[in-house]
Amino acid sequence: MLAQQFVNAISLGGVYALFALGFTLVFGVLNVVNLAHGAVFTLGAYAALQTALYFHAPLPAAILVAAVCSAGAGWILDKLVFAPLRARQAPHLAPMVATIGVAIVLTSVVEGFFGAENLRFPTGILPTDTLSLAGLHFTWLELQIVSLAFLLMAVLLWGLKKTRAGRALRGVAESPKAAALLGVNVEALLRVTSIIASLLGGVAGVLIALYTNAVFPHMGQPMLHKGIAVVILGGMGDIRGALLGGFFLGFAEVFSVAYIGSTMRDAVAFGLLFIVLLLRPEGLFGQAAQRRA
Amino acid sequence: MEWLESFWATYSTLVLSVGTNVLLALSIYLTLACGLLTVANAAFMGIGAYTAGLLTVHAHMPFFFALLCGSLLPASIALLIGRPTLQLSGVYLAMATLAFGEVVRILILNAEDTTGGALGLNGIPQLTGWFEVALAVFLALYVLLALARSRIGRTMKAICQDETATELMGLNVRAYKLFVFVLGGALAGLAGALNAHFTFFISPNEYGFERAVEILAMGVLGGTGSPWGAVIGGVLITLLPELLRGLGHYRPLINGVVLILIILYSPRGIWDLLRPARSVRGPAAN
Amino acid sequence: MLCSIKLISAMKIRLAIIALALIAQVVSAAVMAAEIKIGVAEALTGNASQYGRPIRQGIELAAGEINAAGGVPGTKLTLLFEDEQGRKEEAINVFKKLIFQDRVLMLFGPTLSNSAQASDPVAQAAKVVVFGTSNTADGITSIGDYVFRNSVTEADILPVTLKVAAQKTGFKKVAVLYGNDDIFTKSGYDNFARALQALKIPVTTTETFAKGDVDFKPQLTKIKASHPDAIVLSALIAEGAPIMVQARQLGINLPFIGGNGMNSPRVFELAKDSSDHLWVGSPWSVENPAAENQRFIAAYQKAYGTLPDQFAAQAYDAMYIVNQALRKMKLTGKLAADRKALRDALPSVQWTGATGPFKFRQVAGRDGKPAGYDAVQTAIVMMTKNNKYVIQK
């Protein structure tokens, strides 16, 4: 059983990490706790679902549509909500409350169009074979999710380190004023970040919807809770941290179910979060920054 | 009078909810006014609700005693976790208090034998009337307005502006922060105790993430410049769904849109729109 | 001479017209139906709307049929729908509005057991019949004698399901998996636990999950390691379907024994290729060949384009049950008296509808005195096979 639980932990960790990547990006660069990330995640899942259902499109096409839709949502989010609030020098909580409103709007639109029931992707869109290796069971999809999480992290890290835009982004994250003085187009970069983060969220939505066989309007909510925990554990704004935090949470949850008891599964996640925050607020893997009071 | 009777028969729960929501908004106003983003008030509300509810249902204690315990227990817990938690700031504080809230909710859920777990606590006597709620709101407002004017209030504003400077002046910043956190916990617990006694039934899931987010929205929407902002926020969030009832299917959608519009138009909350314009942002509250 | 004749004729014509008008008024007053206002408070938005909408449709369908057939002579059923959003505060507000402002004769709802615990006392205190079609948890009908429901509680069905399943599959020991944060699944679990104990079936391990969870592999892996012969599952379809899929993915090919929540044709879509060997008991089955049921299924499909589920069926029957009570009583036009008369007429109603033969049974309140009314119906035990529920005798 231990070995299978190990495999379970890795795939759960991959799921969490995938969601957290986009979430942490928005916080790191735009300095906003984007509570609409769960809703964008849901939007991506529905976009892909409808494409697959009505156009009988193959999976890559559906994912592409999801990516475009959620990127669009990210663009709208920045243009209509974040940018105006930046312009008005709003207190830093205001964008967060605005994203609450956005989440409500997106969720109710989805529910209005598609109903509150669980839906699923048409079968055959993805090979559902279970691979059996040495008595361990896992699916193709789980492998893909985990690999994709690593791949995306690598791409993001490379982008941030090696490309000019990436370096500019890090500059903006550090100090928007300094970056502006150096001639960086801060507004454009922030918009691009919002787009990329939402795109990541939407794609995560499709994959996780496939993994769990469930698409429903409130699917983003529990993911958001866990996503917040992951991002804190890994260090806010830290890409590697999102990945490591995701796996850490996945392991913590799976092994607490296996050896403590499934009723305490969420308590373990949040209890850990609480303790980590008290002892090491920059997260288990984050850089020690001036985050303490 | 007949009109009043029939109005009360239909809308009494709504009016009482406005009252308890105002209390909740006030409980978060204290800490928000200082940039302390604590989201534990939903959990404190839950603790207060369950304490008072269990006392009246199982121990048949008098109402005022139950209300008292319902405020004191969350306040004591706030005292306990406040000290380590308030060392954090910004989003980290928010997340720590959020995590705390989730742990509380799960503990209540699992303590089946005492709290009934997922099945909830049923048959809570209807003891809350307009008098109790009005009295609670009045007292809370009075205390908070008085505080804002007092030395404590001025110290809080100073902490808001520049914590390090205030500390350097010899003031025990930690103690002040703890004070507002504990007071907030007591108010939230009171709100929970009152709420439990006009809704017959409570369950752990009511005091989780959604409630915490709702309380936060009330505080931010109303504005953190003054306790009156909290009042506005509480009233608005409670009445908005009712006012929009005619919209049927579109109600949640319009609810969200209104929220966004308010924040966009007045990021500092509605109170900011209503107060007379000032040229200098001085430290005095009134 | 001519003038006076014309005058008399004109007057006669005028008189005739007046007389006709008066007669018409009297006739139309008799023909104009008295309106019976019935409130329907269900979750029409929000997560619970996936149950609330079929309920609304079931009641609407029944009311439409009753009105078309003439209904209670001289009256017409008018349904007033309100959205309680699956939230208890909303349920209370909506109940109060329907009772005091709209002055309904009785009301159906609310959708969730949680909401019922908070809102039914309002109806009881106001002495208005509240009829739940989807509330199955404990502590609801014990609120008082104005509380009725036709949703059969798990306490009555689960022992039957377990016995039949044990007989047919021969399982000796089971593992149990349930949602511990939802009143429906938790109360289902309590009933399963009691039934398992009464039948002396050992439990290898008990695991839990929370609403909204999407990953059940850790729990299922632990269950697999404890080597049960079957898995008892108290879940709603939203979690239940992924649980079945993930179990099959982990190589667990045991039968599942489900509670009420798993009785939905949607399990075939959501758990495609993994939905076989699910045992469920319920008074309603889409496969039940009884005439009333087939008629209902056809009418529902025609009106709404999908197959009905258990929620719709129970709501449909509930409307007919109330109609039976309405036929037995006399409407006086005085609201308080009519509301009481309806309450007095309901308990003795017996009806055979889509869910089979039905009657009420009074239960005791928390103080031991007689209180509300539960449903008495026989359960049909089914097992899923090849995307169909197959009835097991």
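Helix α12 of chain B covers residues 251–265, where helices (H or I, at least four residues) and strands (E, at least two) are DSSP runs numbered from the N terminus. With 15 residues, α12(B) reaches 21 Å from its first C-alpha to its last, close to the 21 Å expected at 1.5 Å a residue; the expected span is 1.5 Å times one less than the number of residues. Arg251(B), Gly256(B), Leu259(B), Ile260(B), Ile262(B), Ile263(B) and Leu264(B) are buried in α12(B); buried means under 20% relative accessible area, exposed over 50%, and partly exposed in between (1.4 Å probe, protein chains only).

This is a predicted model, in which local features need pLDDT of at least 70 and side-chain atom pairs count only at pLDDT 80 or more, while totals for chains, interfaces and linings use all residues. Residues are numbered from 1 along each chain as its sequence is written, chains are lettered from A and ligands numbered from 1 in the order in which they are written, and side-chain values use heavy atoms, with hydrogens and water left out.

**Salt bridges**

- Over all chains the count comes to 28 salt bridges, each being a side-chain nitrogen of Lys or Arg within 4 Å of a carboxyl oxygen of Asp or Glu.
- Asp78(A) pairs with Arg191(A), the closest N and O atoms being 2.9 Å apart. Asp78(A) lies in helix α3 and Arg191(A) in helix α8 of chain A, so the pair ties together parts that are 113 residues apart in sequence. Asp78(A) counts as buried, at 0% relative accessibility.
- Glu253(A) forms a salt bridge with Arg265(A), with the closest N and O atoms 3.1 Å apart. The former lies in helix α10 and the latter in helix α11 of chain A, so this pair ties together parts that are twelve residues apart in sequence. Both Glu253(A) and Arg265(A) are buried.
- A network of salt bridges links Lys226(A), Glu253(A), Arg265(A), Asp266(A) and Asp215(C).
- Glu206(B) forms a salt bridge with Lys88(C), the closest N and O atoms being 2.8 Å apart. This pair crosses between chains, from the loop between α9 and α10 of chain B to helix α3 of chain C. Glu206(B) is buried at 14% relative accessibility, and Lys88(C) is buried with a relative accessible area of 7%.

**Surface patches**

- Patches are made of residues with over 30% relative accessible area and no salt bridge, like charges being joined within 9 Å and nonpolar side chains (Val, Leu, Ile, Met, Phe, Trp, Tyr) within 5 Å.
- A nonpolar patch of about 1200 Å² is made by residues of chain B, including Met1(B), Trp3(B), Phe7(B), Trp130(B) and Phe138(B). The elements that give two or more residues to the nonpolar patch are α1 and α6 of chain B.
- Trp130(B) is found in helix α6 of chain B and is exposed, with a relative accessible area of 57%.

**Chain C**

- The secondary structure of chain C comes to twelve helices and 15 strands.
- The C-alpha trace of chain C spans about 115 × 45 × 35 Å along its principal axes, and 60% of the 393 residues of chain C count as buried.
- The peptide bond from Gly109(C) to Pro110(C) is cis, with omega near -10°; Pro110(C) is found in the loop between β3 and α4 of chain C.
- Asp273(C), which is not a glycine, has a positive phi of about 70°. Asp273(C) is placed in the loop between α9 and β10 of chain C and is exposed, with a relative accessible area of 71%.

Definitions and conventions: Accessible areas come from the Shrake-Rupley method with a 1.4 Å probe; for residues, only the protein chains shown count as cover.
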